[in-house]
2 protein chains.
Amino acid sequence: MKEEFRLDNQLCFRLYTASRLLTQAYNPLLSAHGLTYPQYLVLLVLWENDAQPVNDIAKRLCLETNTVTPLVQRMEKQGIVTRAKGTNDARQIIVSLTDKGQQLQTALTDVPFAVGGAIACKSLTPETVPALFQTLDDMIAQLKKNLKRDT
Amino acid sequence: MKEEFRLDNQLCFRLYTASRLLTQAYNPLLSAHGLTYPQYLVLLVLWENDAQPVNDIAKRLCLETNTVTPLVQRMEKQGIVTRAKGTNDARQIIVSLTDKGQQLQTALTDVPFAVGGAIACKSLTPETVPALFQTLDDMIAQLKKNLKRDT
DNA sequence: GCTATTTATATCGTTCGCGATACAAAAGTA
DNA sequence: TACTTTTGTATCGCGAACGATATAAATAGC
């Protein structure tokens with residue numbers, strides 16, 4: 001059994017597990033408002049900048065438009081966002097928050113704190129988190145570059 | 001706009017993105033052999049210990065059995081594993097590697113190295129990786145504990 | 001031994017995530 | 001202007017993930 005194949009040596013498996021479990025920690029908080037985690041991410045993007053085309057949302061979340069399109073369509077059905085043809089570019093669909101979508105920001109105020117509580121551990125301190133963010137950002141940037149290359 | 005809602009301050013989004021992109025780096029290597037990343041994880045588990053019940057595989061991967069069951073069924077259809085009723089406990093389904101499943105270990109020898117190359121960046125060094133592993137393991141342990149609590 | 005509860009899998013329905021493909025609008029080119 | 005290429009969304013199909021539920025086997029309690 002080669003050392004590189006040991007599950008305990010896999011960075012990807014750790015990221016995969018940490019990501020899934022942390023998302024699960026969000027779930028009860030979000031589903032109480034009829035939201036999923038990816039939908040919450042779209043809200044974060046729109047709260048920062050309302051009225052964005054699907055493509056910009058997808059790029060910001062590092063997702064494909066064929067993931068974001070149906071996701072946003074479901075959010076439209078729930079009355080959280082509206083979808084309107086772009087005026088400059090008729091191919092674009094501009095996604096905008098409804099009042100309900102805006103108000104969710106207030107309703108979800110305590111979500112970041114609650115999740116922070118669920119994840120609190122001795123390895124995550126104000127001193128260590130910046131380095132962790134840096135490492136993950138660095139990895140993400142590297143992967144984006146390399147994945148784009150062989151297209 | 002509250003600081004806690006900024007996408008750039010989200011640990012979960014970073015993990016989610018890093019996990020997805022790193023999985024994408026595995027994809028061309030695995031799909032060349034008809035595998036998906038979760039299927040590769042099952043192989044890693046079975047290469048370490050062959051002939052395990054579905055439940056043990058699920059626990060090792062922190063997945064639900066209703067995720068692993070169909071996953072393993074697809075692998076059985078591909079002739080990578082067999083599924084047999086347990087002898088001690090008739091409820092269990094023991095998943096075992098076929099010859100083809102064993103041989104995949106040889107065929108995939110270079111996968112860890114290729115992925116290592118795709119992810120190589122200045123933040124990931126022999127000095128920093130252990131700390132990163134420790135942090136992620138700590139987070140995962142904490143999340144498991146907290147998610148289990150409210151069941 | 002007999003019922004109640006737990007445990008191991010499986011099935012179903014919904015949402016992601018993404019490769020492949022389609023199509024119309026925009027941009028580039030002859 | 002006409003033709004080609006690129007770009008922005010959308011549709012389709014499949015494989016995860018997972019909550020909810022079902023079912024049979026094992027275990028516990030009486």
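Helices here are DSSP runs of H or I with at least four residues, numbered from the N terminus. The model is a predicted one. Just past the end of one such run, H3(B), Cys62(B) has a positive phi of about 55 degrees.

H3(B) itself contains the buried residues Val54(B), Ile57(B), Ala58(B) and Leu61(B). These four lie on the same side of H3(B), because they cover an arc of only 100 degrees around the axis. An α-helix has 3.6 residues a turn, so residues three or four places apart point the same way. The cover over the buried residues of H3(B) includes helix H2 (37-48), strand E1 (52-53), H4 and strand E3 (93-97) of chain B.

H3(B) also takes part in the surface near DNA strand C. Helix H1 (11-31), helix H3 (54-61) and helix H4 (65-77) of chain B each give two or more residues to that surface, as do helix H2 (37-48) and helix H4 (65-77) of chain A. There are 27 residues around DNA strand C, and those that come nearest are Thr36(A), Pro53(B), Asn55(B), Asn66(B) and Gln92(B). Sorted by class, this surface has 11 polar residues, eight charged and eight nonpolar.

Turning to chain A as a whole, its secondary structure consists of seven helices and three strands, arranged along the sequence as α-α-β-α-α-β-β-α-α-α. The C-alpha trace of chain A spans about 55 × 40 × 30 Å along its principal axes. Of the 151 residues in chain A, 33% are buried. Among contacts in chain A between residues at least 6 apart in sequence, those joining residues at least 24 apart make up 43%.

Technical notes:
Residues numbered from 1 in each chain as written. Chains lettered and ligands numbered in written order. Predicted model: local features only at pLDDT ≥ 70, side-chain atom pairs only at ≥ 80, totals over all residues. Buried ≥ 20, exposed ≤ 12 C-beta atoms within 10 Å, placed from the backbone. Contact = placed C-beta atoms within 7 Å. Near = placed C-beta within 6 Å. Nonpolar A, V, L, I, M, F, W, Y, C, P; charged D, E, K, R; others polar. Arc of directions from axis to C-beta.
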